[in-house]
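Please keep the sequence and the coordinates in view while reading.

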Amino acid sequence: MLYKDDGVLICQRKFTMDLLREYDCLAYSPISSPLDSTIKLSKDEGTLLPDPGYYRKLVGKLNFLTNTRLDISYSVQHLSQFMQAPREPHLKAAVHVLRYLKKDPTLGIFLSNDPRYNVNAYCDSDWAACPDSRKYVSGYIVLLGDSPISWKSKKQTTVSLSSDEAEYRSIRKVVGELVWIRRLLEELTVICADPITVFCDSQAAVHIARNPVFHERTKHIEVDCHFVRDKIQETLIELQHVSTSAQLADILTKDLTGVKHSDLLSKLAVTSSPPT
């Protein structure tokens, strides 16, 4: 088993510690989850910050960390929604993320040297959790073997009319990513077994993808349907239902308690790095 390159780990840890020092968080006690699952942030609640640049700079630096820290991807995309007019609750939530980072600045992805190159993916969406727009958040994670190699957490651009539609749009996003990853692996002369399994916890979304007949409830997402079905027919992917309890993409779509958050990280081979 291999960890990420030591140089990357050292830079990540130094960047994290410098960030904690810059925002005076070294004296704070660490916490076990990036966001407080009991608090819902809104764009209009709380006092406006006198210096919005302070918040924007912090979130920008946290966004840089998401390149190696998938565990804060959902939190950072959520905080990024308030960049235009940040308020005190938003800054408090950003500091909450810093306190989480303090718990383990060396947390990283555990890469396996297993010669088998099996690719699979998980995708999910939340339940219209945004109190301001009621848009869903899509999340997906792609694994090479047991190791994450690509992930995304992003609010959908349009309001979905049902959870099934939102889940299907999440499938569309991850399939687009898998098309690119497949081409990359081919250029690297890496043999990738077909089809790539995509796990989704929505039975309805899986049924829509497999059903060749369009109905009224799917007409408005017909373009997405055609794209996903084409990739199924090309045997690039196969869709499988997974229980909500086994949905790894949950970490990219919603606030989780510390116990649930830690449990998913262990399943995703995200762990503390050994001393160098």
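A residue is called buried when its relative accessible area is under 20%, exposed when over 50%, and partly exposed in between, with a 1.4 Å probe and protein chains only. The model is predicted, so local features need pLDDT of at least 70 and side-chain atom pairs count only at pLDDT 80 or more, while totals for chains, interfaces and linings use all residues. Residues are numbered from 1 along each chain as its sequence is written, and side-chain values use heavy atoms, with hydrogens and water left out.

| Residue | Relative accessible area | Class |
|---|---|---|
| Y136 | 4% | buried |
| C192 | 9% | buried |
| C200 | 0% | buried |

With a disulfide taken as a pair of cysteine sulfur atoms within 2.5 Å, a search of the whole structure finds 0 disulfides. C200 takes part in none, and the nearest cysteine sulfur, that of C123, lies 4.6 Å away.

Y136 sits in the loop between β3 (119-125) and β4 (137-144), where strands (E, at least two residues) and helices (H or I, at least four) are DSSP runs numbered from the N terminus. Its C-alpha atom is separated by 6.6 Å from that of A166, 30 residues apart along the chain.

Turning to the helices, the axes of α2 (residues 52-65) and α4 (residues 88-103) come within 11 Å and cross at roughly 35°, the axes being lines fitted to C-alpha atoms over the stretch in contact and the angles running from 0 to 180 degrees between N-to-C directions. The contact (heavy atoms within 4.5 Å) involves Y54, Y55, L58, L62 and L65 of α2 together with H90, L91, A94, V97, L98 and L101 of α4.
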